[in-house]
Amino acid sequence: MTAPTSGVAGTSEGAQELHRRAATDPDELLREGGVLRLPEGAVLDPGDMNVEVNEDETMIINMGPQHPSTHGVLRLMLELDGETVVRSKPVVGYLHTGMEKTQEDLMYIQGSTNVTRMDYLANFFNETVFSLAVETLLEVEVPERATWIRMLFMELNRVSSHLLFMATNGMDLGAISMMLYGWRERELVLAFFERTTGLRMNCNYVRPGGVAADLPEGWREEILSICETILPRLDQYDILLTGQPIFQERTQGVGVLTPEEAIALAATGPVLRSTGVEWDLRRDMPYMHYDQLEFDVVVGTHGDAFDRYAIRLNEIRESIRLVRQIVDLVPGGDYRVQDKKVTPPPRARIDESMEALIHHFKLFTEGFKVPAGEAYVAVESPRGELGGYLVSDGSAKPYRFHMRDPSFVNLQTLPVMLRGGFVADAVAVISSVDPVMGGVDR
């Protein structure tokens, strides 16, 4: 962390620096005090934007991008009055990989391999969003078994993602034991992912037309065993963190966000629900077969860091409840559509049939064409609304694919959450947003 005292530093990033308060236009000061971008119609009280600060008493410091508590390479510019945060500005782009642009050079059959690396903690959601968008334009009907398998893996993925949040959130606040327990439980889920897909992360399992492989033998017993193991350990988390006075002191009343601010900033997921807004795409805009399942949408009351922690803890319980229902509802049948246009032949047939060999060769060298058009599909990922916007020009590659990643949008809430708080609380606030920079910098 560096601590420049001047307002504008001459770096290659130039305009990203915070200007001196005296040199900043009042309207700009108001805008930065609230958020970086404020939608029309949002109501702000100017008196709520800034505390009275003398120019010579503030200091601008950088937090990140190489900081262990910023969950990757997030950089925050903080204007401090003593230990109080007056203004802040998230700066992104340090992990930019150009994955969205790369997608335009990949055939649809290769697309899942790329998108799975965006939000790498919720890879099944990325793959599903991409596949659903492609299938929408293809007008392909996915087999029922494939749909239920996708839902099963997404809920298990939500469990593993939230368990990692439990681990890192605990570590950020000094609860080292919580980090060990969170990683331990997450390992059970990743082991099942590896046994089914061959990989622990970036699995490339959900593909247009279905999934890459069927569930392994004994999958039902293994999943139920995972549920029975994790569920009682969540009660131990309650003892370790939820009721722990130091943890409560560090998170309750810290990083408060109101429902109006959350909606104005387009926040979704636990960040939005912590303010008391009941919005979950699985219930409010049902997709796949979520309308056939019973689950509760967990909401908070105060919109603080503690509520966001509590929501994720209880969402693990709800996801396990969903997994248990899905396990009983997965039907038999095909796990991918039997359409030669999008589905490669079984590996065994390639050695026996010249036609299958040619089919396999053409599919993986030329790909399949998707009718011209555009489609937007959204699912509820562990961090909020994950949307995939696909534009096709009728060729075998997307003309444009954009991912509406909730981590990127939710980062807009940081200036509001941090305003008026202590710089020491910045760690707890950033952690409570649970950003994944792979999804932010695409």
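Reply: Arg-404 lies in strand 8. Helices (H or I, at least four residues) and strands (E, at least two) are DSSP runs, numbered from the N terminus. This is a predicted model, where local features need pLDDT of at least 70 and side-chain atom pairs count only at pLDDT 80 or more, while totals for chains, interfaces and linings use all residues. Residues are numbered from 1 along each chain as its sequence is written, and side-chain values use heavy atoms, with hydrogens and water left out.

Me: Is Arg-404 buried or exposed? And which side chain of opposite charge is nearest to Arg-404?

Reply: Buried means under 20% relative accessible area, exposed over 50%, and partly exposed in between (1.4 Å probe, protein chains only). Lys and Arg count as positive and Asp and Glu as negative; His and the chain ends are not counted. A salt bridge is a side-chain nitrogen of Lys or Arg within 4 Å of a carboxyl oxygen of Asp or Glu. Arg-404 is buried and has no salt bridge, the nearest side chain of opposite charge being Glu-385, 4.7 Å away.

Me: What does the side chain of Arg-404 reach, and which residues is Arg-404 in contact with?

Reply: A polar contact is a pair of N or O atoms within 3.5 Å; within protein, one must be able to donate a hydrogen and the other to accept it, and residues adjacent in sequence count only if both atoms are side-chain atoms. Here the side chain of Arg-404 reaches the backbone oxygen of Glu-385 at 2.9 Å. Contact in general means heavy atoms within 4.5 Å. With neighbours within four places in sequence left aside, the contacts of Arg-404 include Ala-266, Thr-268, Tyr-376 and Val-409.

Me: Which sheet holds strand 8, and in what order do its strands stand?

Reply: Strands of a sheet pair through backbone hydrogen bonds, either parallel or antiparallel. Two strands pair if DSSP finds at least two bridges between them. The sheet is open, has three strands in the order 6-7-8, and pairs in the antiparallel sense. Its edge strands are strand 6 (373–381) and strand 8 (400–404), each pairing on one side only. The twist averages 10° from one strand to the next. Axes are lines fitted to C-alpha atoms, for helices over the stretch in contact, and angles run from 0 to 180 degrees between N-to-C directions. Helix 4 (residues 123–138) packs on this sheet and touches strand 6, strand 7 and strand 8, its direction making about 150° with that of strand 6.

Me: How many bridges pair strand 7 with strand 8?

Reply: Strand 7 (residues 384–392) and strand 8 pair over five bridges, in the antiparallel sense. Tyr-389 has His-402 in strand 8 as its bridge partner.

Me: How many salt bridges does the rule count, and which residues pair with Arg-383?

Reply: Side chains of opposite charge can pair when their charged atoms come close. The count comes to 28 salt bridges. Arg-383 and Asp-119 meet in one at 3.0 Å, N to O. Arg-383 is in the loop between strand 6 and strand 7, and Asp-119 in the loop between helix 3 and helix 4, 264 residues apart. Arg-383 also forms a salt bridge with Asp-434, with the closest N and O atoms 2.7 Å apart. Both Arg-383 and Asp-434 are buried.

Me: How much of the protein is buried overall?

Reply: Of the 442 residues in the protein, 57% are buried. The protein has 18 helices and eight strands.
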